Amino acid sequence: MAETDFSQWVYTEERAVKQKGLWRTSVFDAGSEMPLDLEIGVGNGFFFEHLCKSNPDRNILGIELKYKPMIQTIRRALRAGCENARVIRYDASEIADLFAAGELNNVYIFFPDPWPKKRHHKNRLLTYEFFMTLFELQRPGATVQIKTDSAEYFEWILERVPKTPYVNEAQTDNLHGSSLAIENFLTHFEKLWTGKGLKTHYLRLKKPS
């Protein structure tokens, strides 16, 4: 399949901003009540494919800034027969450009760049401001699921969450050693980290109904 065949499934920056408030009805041609979920940072696309295949009754969007993994991700989903998949090339920190208030349901943010050096913390995605923006964009009852292998970044996130309106539904410093592991889809990154003896930190937040 040539890259030129992906125009129906891939939304570049210019096209994506024009769909604000219209993703359900215009892009997916679905009813306004059809759930619309989002993965931020699709990486190699294995989880995105799993999400689409496991939820045929939900529309799934993925945001990725890097072109190659974005194309790899949508190709993988389409080869699996997923018609409910679309990807966006955009900077996730500017997510308010893409969605109207209450347009999103569940959001997945797995292994975001931890920017470990203190002088680079300003580049981190999961700031208080970002959480507040995401809260506004989600519908009541929606969740945000976060995974990271960085203990320091996890603690940094946890310092900001209590200041937001989100409810902390689940939290663990060792996902694979917890009762939550049975529901977990092992991403490519998780397999690498686990093989090196690193732990996956997990957080699930909910917007109150």
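**Reading the features of a predicted fold**

Me: The buried residues of α3 pack against β2, β3 (59-63), α4, β4 (85-88) and β5. Which residues of α3 are the buried ones?

Reply: They are Phe47, Phe48, Glu49, Leu51 and Cys52. Buried means under 20% relative accessible area, exposed over 50%, and partly exposed in between, for a 1.4 Å probe and protein chains only. Helices (H or I, at least four residues) and strands (E, at least two) are DSSP runs numbered from the N terminus. This is a predicted model, in which local features need pLDDT of at least 70 and side-chain atom pairs count only at pLDDT 80 or more, while totals for chains, interfaces and linings use all residues. Residues are numbered from 1 along each chain as its sequence is written, and side-chain values use heavy atoms, with hydrogens and water left out.

Me: What does helix α6 show when I read it that way?

Reply: In α6 (residues 151-160), the buried residues are Tyr153, Phe154, Trp156, Ile157, Leu158 and Arg160. They pack against α5 (128-137), β6, β7 and β8.

Me: Cys52 was on the α3 list. How many disulfides are there?

Reply: A disulfide is a covalent bond between the sulfur atoms of two cysteines. The rule here asks for a pair of cysteine sulfur atoms within 2.5 Å, and the count comes to zero. The closest cysteine sulfur to that of Cys52 belongs to Cys82, and at 4.9 Å it is too far for a bond. Cys82 is likewise in no disulfide, with the sulfur of Cys52 as its nearest at 4.9 Å. Cys52 counts as buried because its relative accessibility is 1%, and Cys82 counts as buried because its value is 4%.

Me: Where is Thr73, and what does its side chain reach?

Reply: Look in helix α4 (residues 67-79) for Thr73. This residue is buried, with a relative accessible area of 0%. A polar contact is a pair of N or O atoms within 3.5 Å; within protein, one must be able to donate a hydrogen and the other to accept it, and residues adjacent in sequence count only if both atoms are side-chain atoms. The Thr73 side chain reaches the backbone oxygen of Pro69 at 2.8 Å. For contact in general, look for heavy atoms within 4.5 Å. Leaving out residues up to four places away in sequence, Thr73 touches Val42, Gly43, Asn44, Gly45, Phe48 and Val87.

Me: Is Thr143 buried or exposed?

Reply: Thr143, in strand β6, is buried, with a relative accessible area of 11%. Not counting residues up to four places away in sequence, Thr143 touches Asn105, Asn106, Val107, Gln138, Glu169, Arg204, Leu205 and Lys206.

Me: How much space lies in the largest pocket?

Reply: Rolling a probe the size of a water molecule over the atoms shows where empty space is left. On a 1 Å grid over the protein atoms alone, a pocket is an open set of points where a 1.4 Å probe fits, with protein on both sides within 12 Å along at least five of seven lines; lining residues have an atom within 4 Å of a point. The largest pocket holds about 870 Å³. It has 33 lining residues, and Gly41, Glu64, Phe111, Pro112 and Asp113 are closest to its centre. Two or more lining residues come from each of β2 (36-40), α3 (46-54), β5 (107-110) and α7 (188-195). The largest share, three residues, is from α7.

Me: And which residues lie nearest the centre of the second largest pocket?

Reply: Of its 19 lining residues, those are Phe47, Tyr108, Gln145, Glu183 and Asn184. This pocket has about 310 Å³ of space, and α3 gives the most to its lining, with four residues. Asn184 sits in the loop between β7 (167-172) and α7. The side chains of Asn184 and Glu190 are joined by a polar contact of 3.0 Å.

Me: What is the phi of Phe111?

Reply: Most residues other than glycine have a negative phi. Phe111 has a positive one, near 55°. Phe111 is in the loop between β5 and α5, and at 14% relative accessibility it counts as buried. Trp115, found in the loop between β5 and α5, has a positive phi of about 40°. Trp115 is partly exposed, with a relative accessible area of 29%.

Conventions:
Grid points are joined across faces, edges and corners, and a volume is the space filled by probe spheres set on the points.
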